[in-house]
Amino acid sequence: MMLSLEYVAGLFDGEGCVYISPNLVGIQVSVTQQKTEILYLLKKQFGGGVTRYGKQSCHKWRLTKTEDIEIFLNAIYPYCIVKKAEVAIGLLFVGDKEKESKKHNPLRSEQLQLRGNLHSELKLLRNGHTVT
């Protein structure tokens with residue numbers, strides 16, 4: 001069974017999250033539910049993994065590979081309403097494609113500034129603020 005992109009976007013609007021790590025290197029997207037059926041359909045359609053989450057009987061589908069995140073966010077962006085700005089921030093983050101590692105290719109100051117700004121905007125959105 002394939003989920004429609006409209007359905008997935010609505011699910012993400014209600015139960016999804018874009019997360020940028022505080023060290024500004026990683027990003028992930030996730031959807032949390034008590035029942036796993038939808039999460040395994042997301043895994044089948046977009047990749048990622050499903051894990052138990054928290055002390056309650058919740059489960060989380062999560063994408064952590066940049067390429068998978070970019071495909072997923074691009075697919076749902078046209079249909080998102082509530083979290084459209086968060087999806088746009090995620091797309092900007094994954095669009096910053098230069099690969100980095102702490103030893104061989106650290107982030108440039110411009111990348112750090114961009115990623116820091118995106119991280120801050122995401123936090124503001126989660127706290128109910130509007131970001132332009």
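**Fold and aromatic core of the predicted chain**

The chain has 5 helices and 4 strands, where helices (H or I, at least four residues) and strands (E, at least two) are DSSP runs numbered from the N terminus. Along the sequence these elements follow the pattern α-β-β-α-β-β-α-α-α. The model is predicted, so local features need pLDDT of at least 70 and side-chain atom pairs count only at pLDDT 80 or more, while totals for chains, interfaces and linings use all residues. Residues are numbered from 1 along each chain as its sequence is written, and side-chain values use heavy atoms, with hydrogens and water left out.

Of the 132 residues, 39% count as buried (buried means under 20% relative accessible area, exposed over 50%, partly exposed in between; 1.4 Å probe, protein chains only).

Turning to the rings, the count comes to 4 aromatic pairs; rings of Phe, Tyr and Trp (its six-membered ring) pair if their centres lie within 6.5 Å, with planes under 30 degrees apart stacked, over 60 edge-to-face and the rest tilted. Phenylalanine 46 and tryptophan 61 have ring centres 6.4 Å apart and planes at 55°, so this pair is tilted. Ring pairs link Phe12, Phe46, Trp61 and Phe72 into a cluster.
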